[in-house]
Amino acid sequence: DETELDVELHHQTAEEEEKARETTSGLEIICSSSIHDDVLRQVRLWARMGFTAEEIQYEVDAQFEPVLHQSRACQTEVVQAIELSTKEDVAQESLPGTQKV
């Protein structure tokens, strides 16, 4: 059984369907090539303006520091979760009468 929403989505264009998914999920999909293009365009502009490689690198690092900080924090959480899961698995396996399935 198709709901009204299903019928409506079938009649939308691919672009409208993508926009509907973004709206309902709260996420916006960004292609990495768009990010690279923007960064490289800015770097070329700074180079044409006469900034040194060190100055440009400092600016790029400063712009992306919040993102890199979040990325590192996320990586740390993932590693900690994996380590905790591994310790729990080892502890479970060491209990008498238990086997890993």
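Is Asp38 buried, partly exposed or exposed? In this predicted model, local features require a pLDDT of at least 70 and side-chain atom pairs a pLDDT of 80 or more, whereas totals for chains, interfaces and linings use all residues. Residues are numbered from 1 along each chain as its sequence is written, and side-chain values use heavy atoms, with hydrogens and water left out. Asp38 has a relative accessibility of 46% and is therefore partly exposed (buried is under 20% relative accessible area, exposed over 50% and partly exposed in between, with a 1.4 Å probe and protein chains only).

Two salt bridges are present in the structure, a salt bridge being a side-chain nitrogen of Lys or Arg within 4 Å of a carboxyl oxygen of Asp or Glu. Arg41 pairs with Asp37 at an N to O distance of 2.6 Å and with Asp38 at 3.2 Å between the closest N and O atoms. Within helix 3, Arg41 lies four residues from Asp37, a separation of about one helical turn.

Helix 3 (residues 32-48) and helix 4 (residues 53-94) have axes that come within 10 Å and cross at roughly 145°. Helices are DSSP runs (H or I) of at least four residues, numbered from the N terminus; axes are lines fitted to C-alpha atoms over the stretch in contact, with angles from 0 to 180 degrees between N-to-C directions. The contact (heavy atoms within 4.5 Å) involves Val39, Val43, Trp46 and Ala47 of helix 3 and Ile56, Glu59, Val60, Gln63 and Phe64 of helix 4.

Conventions:
Helix = DSSP H or I, 4+ residues; strand = E, 2+ residues; numbered from the N terminus.
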